[in-house]
Amino acid sequence: MKHFIGMLVMALFTSNIAFANDLPPNTAKIAPDVYSYGNPANGYFSMFMVTTDGVIAIESVSSQHAADMVKAIKDLTDKPIRYLLHSHNHWDHASGGKVFRDAGATLIAHEEAYTWMKANTGPDMVVPDESWEGIRKDITLGDTVVELHYLGMNHGLGMTVFLLPKEKIAYIADLVVPNRVMFNIVPDFNIKEWERSLKVIAQMDFDKAVYSHNNNATPLLGGTKQDVKNYMEFIQDLRGAIFAEFKKGTNPMMIPTVVQLPKYKDWAMYKEWLPMNAWRILLDEWMGPFPWRPDNK
Ligand SMILES: [Zn+2]
């Protein structure tokens, strides 16, 4: 009997392992019918939903990423891939669309991203099939609704935040990177509009989010809304630290090299990128009401 129970436990254990392995490589289940796909080696994460009428995918990244993701989708379901949704115009996110088009998907981007992509075709990027305008579009496929939100000129062009209202899951590209300081010199971000957008995102109704870049311990599993709040706080803390140095009398041109934020010392790229992050915030303040500017004295 003892031997039998042992065999039974072993069988259950083995079947659990088999179940976990049923997911294709680099794929994680975020909720029923909602998956994240990402290769920790390239650092880009996408998301896809398997609905009763087909698959909606978000973020093609590159032809290689897209091909591997299409393979993962086809391993999971026989349903057709109906849509590929682009988050914004940057080549490192919007490339690889042709792979999805060849798999039968319609490629969709916000009109601002669409217009730019049409005028600046990349070697691995195709012009989307459709564009949408305004601040909101809903795509319904089978039993799934995806809300597309355009929140303004926060990063790149046509930046779209995706929300699954029923599942309370968001897909957020570039605007939030859990556990990592801002990207290098913070290129193509509009700081003030970015902060305003983050406030709007923090008000949205979701619990989990898949982030295009993620330095959590388990990036494939995404993160939570807390990551959005942490990012808002980081930008505010950095600005606060810059102002504090200014008040202390530190030479403004030295501030980016002396500013420290120990609270974030464990975030990825803290040492390497914090000074560049600080330069960007400082120079944006220079163009605003910052008191060292001669005409503001
Ligand atoms: Zn970008």
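Colleague: Do β4 and β5 pair in the parallel or the antiparallel sense?
Modeller: Strands here are DSSP runs (E, at least two residues), numbered from the N terminus. Two strands pair if DSSP finds at least two bridges between them. Four bridges link β4 and strand β5 (residues 81–85), and the sense is parallel.

Colleague: And what kind of model is this?
Modeller: Residues are numbered from 1 along each chain as its sequence is written. Local features need pLDDT of at least 70, side-chain atom pairs count only at pLDDT 80 or more, and totals for chains, interfaces and linings use all residues; the model is predicted.

Colleague: What is the bridge partner of Ser36 in β3?
Modeller: Strand β2 (residues 34–39) runs antiparallel to β3, with six bridges between them. This pair forms a hairpin too, with four residues between the strands, and Gly43 in its turn has a positive phi of about 80 degrees. The partner of Ser36 is Met47.

Colleague: Which are the edge strands of the sheet?
Modeller: The sheet is open, has seven strands and mixed pairing, and its order is β1-β2-β3-β4-β5-β6-β7. Each edge strand pairs on one side only, and they are β1 (27–31) and β7 (130–132).

Colleague: How many residues of β3 are buried?
Modeller: A residue is buried if 20 or more other C-beta atoms, placed from the backbone, lie within 10 Å of its own. By that count β3 is mostly covered: of its eight residues, the buried number is seven.

Colleague: Which residue in β5 does Ala57 stand opposite?
Modeller: Contact means C-beta atoms, placed from the backbone, within 7 Å. Leaving aside neighbours within four places in sequence, the contacts of Ala57 include Phe48, Met69, Ile73, Leu84 and Phe100. The residue opposite Ala57 in β5 is Leu84.

Technical notes:
Buried ≥ 20, exposed ≤ 12 C-beta atoms within 10 Å, placed from the backbone. Contact = placed C-beta atoms within 7 Å.
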